[in-house]
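Here's a quick tour of a surface patch and some aromatic pairs. Have the model open as you read.

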Amino acid sequence: MKLTVSYNEILAYVKANYHVTPGLNPVDGHTLDVSYSPMKFLPEIKMRLHVEKVEEDSVMFTYESTPGSMMLINGVLGFLQEKMNKEGVEIDTRVRTVCFRLSGIDRVKDVCRFVALDDLSFEPDLIQASVRLK
């Protein structure tokens, strides 16, 4: 079965909850460019996310950026890692990976008892997850 969420829905959620509006641009089926302009006179921060591995209850992303942006991104990710549930998100800034262990994230762990993730892809207007019943 296919589950989808549009980029517009994601952007509306991020804007309503975090008061920022990033740019989302799919590059190919497993790669997404994310950009953000923090202030008028600061350069845009860009990051490329790539779906590296999808398993039944986890998704691993690799990320890359310019050296200047990478220092800022690694700092933010390090800060976020201290605030997040260690069972649900694993961040390794040395090898630039972020792994979401879905069964360790409170909001989705109940769903993981019934469905298994097969793939995650970035389409032109939406993100699509392919799942199957367990």
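Let's start with Met 1, which sits in the segment before strand E1 (2–6); helices (H or I, at least four residues) and strands (E, at least two) are DSSP runs, numbered from the N terminus. The model is predicted, so local features need pLDDT of at least 70 and side-chain atom pairs pLDDT 80 or more, while totals for chains, interfaces and linings use all residues. Residues are numbered from 1 along each chain as its sequence is written, and side-chain values use heavy atoms, leaving out hydrogens and water.

Met 1 is exposed, at 54% relative accessible area (buried is under 20%, exposed over 50%, partly exposed in between, with a 1.4 Å probe and protein chains only). Together with Leu 3 and Leu 133, Met 1 makes a nonpolar surface patch of about 330 Å² accessible area. Patch members have over 30% relative accessible area and no salt bridge (a Lys or Arg side-chain nitrogen within 4 Å of an Asp or Glu carboxyl oxygen), with nonpolar side chains joined within 5 Å and like charges within 9 Å.

Now the rings: there are two aromatic pairs here. Ring centres must lie within 6.5 Å; planes under 30 degrees apart are stacked, over 60 edge-to-face, the rest tilted.

| Pair | Centres | Planes | Type |
|---|---|---|---|
| Tyr 13 and Tyr 18 | 6.5 Å | 70 degrees | edge-to-face |
| Phe 61 and Phe 100 | 6.0 Å | 85 degrees | edge-to-face |

Phe 61 in strand E5 (residues 58–64) and Phe 100 in strand E7 (residues 97–101) are 39 residues apart, so this pair links distant parts of the chain. Phe 61 is buried at 11%, whereas Phe 100 is partly exposed at 29%. As for the tyrosines, Tyr 13 is partly exposed at 45% and Tyr 18 is exposed at 54%.

Methods
Areas by Shrake-Rupley, 256 points an atom, 1.4 Å probe, with all protein chains shown as cover.
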